[in-house]
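Subject: Structure handover

Hi,

Here is the structure I promised to pass on. Have a look first, and my notes follow below.

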Amino acid sequence: FTAEYEAKKILYNADLDGDGCVDYREFKRLWHRKLLFNEQYITELFNACDNQRVHDGFIDIKEIQMSFGGNLIEIEKMVNEWDIDRNMKLKLSLDEFMKAMQEYPSRY
């Protein structure tokens, strides 16, 4: 396939309302998905969160709140859902964060 064909295919799939144009909302969704499936970007995002307080290889609910804002109770609920191994209560490893971010567009 040619690059032009691939670009048209991406834009066609991004056009959610079928009006032949990719509006800001559709573009934002497309770009969001692209970033969240880029492991390097997610790793850098994780490291930026981890550096908020103590660089220990995990991010806790306070570091997430400091990085993104939001309600601490809601953040705690999300972290509890994403904490796969359940051994680091209210903390996420890079692997858990990566899985959560890649799952994000379809769930929230």
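Which backbone nitrogen lies 2.9 Å from a polar atom of the side chain of Asp-50? That would be the one of Gly-57, a polar contact (N or O atoms within 3.5 Å, where one must be able to donate a hydrogen and the other to accept it; residues adjacent in sequence count only if both atoms are side-chain atoms).

Before the rest, some ground rules. This is a predicted model, in which local features need pLDDT of at least 70 and side-chain atom pairs count only at pLDDT 80 or more, while totals for chains, interfaces and linings use all residues. Numbering runs from 1 along each chain as its sequence is written, and side-chain values use heavy atoms, with hydrogens and water left out.

**Asp-50**
Asp-50 sits in helix H3, residues 39-50 (helices are DSSP runs of H or I with at least four residues, strands are E runs of at least two, both numbered from the N terminus). Asp-50 is buried but has no salt bridge, and Lys-91, the nearest side chain of opposite charge, is 8.0 Å away. Here buried means under 20% relative accessible area, exposed over 50%, and partly exposed in between (1.4 Å probe, protein chains only). Lys and Arg count as positive and Asp and Glu as negative, with His and the chain ends not counted. Beyond four places in sequence, Asp-50 is in contact with residues including His-55, Asp-56 and Glu-63 (contact: heavy atoms within 4.5 Å).

**Salt bridges**
There are three in the structure (a side-chain nitrogen of Lys or Arg within 4 Å of a carboxyl oxygen of Asp or Glu). Lys-91 pairs with Asp-56 at 3.4 Å, N to O. Asp-56 is in the loop between H3 and strand E1 (59-60) and Lys-91 is in strand E2 (residues 91-92), so this pair ties together parts 35 residues apart in sequence. Lys-77 bridges to Glu-74, also with N and O 3.4 Å apart; the two are three residues apart in helix H5, about one helical turn. Lys-99 and Asp-95 meet at 3.1 Å, four residues apart in helix H6.

**Core**
The largest nonpolar core has 16 residues, and Leu-92 and Phe-97 are among those with the most contacts inside it (buried Ala, Val, Leu, Ile, Met, Phe, Trp, Tyr and Cys joined through side-chain atoms within 4.5 Å). H3, H4 (61-68), H5 (72-82) and H6 (94-107) each give two or more residues to this core.

Cheers
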